[in-house]
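Please look over the sequence and the model below before reading on. The text then goes from the whole chain to single pairs of residues.

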Amino acid sequence: MHKAMLKTMAVVAAVAALTLPIATRIAMAQGAAPSAAAPAPAMDEPGTRSFTMVSVEVDDAKIWLPSVIAVEQGDKVKLTLKNLVPGAVNQHGFTIPAYNVTEVVTRGEPKTVTFVADKAGVFPFSCQLHPAHIGGSLIVEPKEGMKPASLTR
């Protein structure tokens with residue numbers, strides 16, 4: 001696939017994810033391809049959602065998979081970041097600016113990041129070291145009784 005096609009697929013996945021309730025997205029993700037949505041997150045402890053995010057290269061495009069992850073407002077989020085991109089450059093970044101998450105991930109050295117998803121909305125994630133790489137979205141569904149934030153683009 002070409003870069004334009006991968007970017008289009010990532011946007012379509014994000015838009016589709018925004019239009020479905022969280023329970024439906026998680027159910028669909030259990031049988032979906034990794035680039036379409038995240039698999040149902042593992043539960044480490046009550047209120048914790050765990051995901052393994054993998055940086056890969058497909059047809060010269062570097063991307064983080066899954067490209068869309070969804071949690072509920074108030075959840076503790078645990079991300080295990082793995083860099084599997086081959087080549088001379090052995091470091092890639094992962095950032096979610098809205099949650100002050102910024103990491104450099106060296107190939108062969110996974111990193112773990114945790115934060116509380118206290119703001120509802122759609123928050124982009126990307127590689128801060130290589131802006132041309134394809135990013136994705138963290139979707140934080142408003143939890144009943146919690147104040148929703150305005151949607152972020």
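Among contacts in the protein between residues at least 6 apart in sequence, what percentage join residues at least 24 apart? In this predicted model, the figure is 62%. The elements behind these contacts can be listed briefly. The protein has 2 helices and 9 strands, and from the N terminus on they run α-α-β-β-β-β-β-β-β-β-β.

The surface comes next. The protein has 153 residues, and 40% of them count as buried. Its accessible surface comes to about 8,100 Å², and carbon and sulfur atoms account for 59% of that area.

Strand β8 spans residues 121-125 and is mostly covered, with 4 of its 5 residues buried. Its partner is strand β9, residues 136-141; the two run antiparallel and are joined by 5 bridges. Within this pairing, V122 has I139 in β9 as its bridge partner.

How many salt bridges does the count come to? There are 3 salt bridges, and each can be taken in turn.

D75 forms a salt bridge with R49, and the closest N and O atoms are 3.3 Å apart. D75 sits in the loop between β3 (68-72) and β4 (76-83), while R49 belongs to strand β1 (residues 48-58), so the pair ties together parts that are 26 residues apart in sequence. D75 has a relative accessible area of 5%, so D75 is buried. R49, at 18%, is buried as well.

The second salt bridge is between K62 and E57, with the closest N and O atoms 3.8 Å apart.

E103 counts as partly exposed, at 25% relative accessibility. K111 is partly exposed too, with a relative accessible area of 31%.

Technical notes: Residues numbered from 1 in each chain as written. Predicted model: local features only at pLDDT ≥ 70, side-chain atom pairs only at ≥ 80, totals over all residues. Heavy atoms only, no water. Buried < 20%, exposed > 50% of the residue type's maximum accessible area, 1.4 Å probe, protein only. Pairing = 2+ DSSP bridges. Salt bridge = Lys/Arg side-chain N within 4 Å of Asp/Glu carboxyl O. Contact = heavy atoms within 4.5 Å. Areas by Shrake-Rupley, 256 points an atom, 1.4 Å probe, with all protein chains shown as cover.
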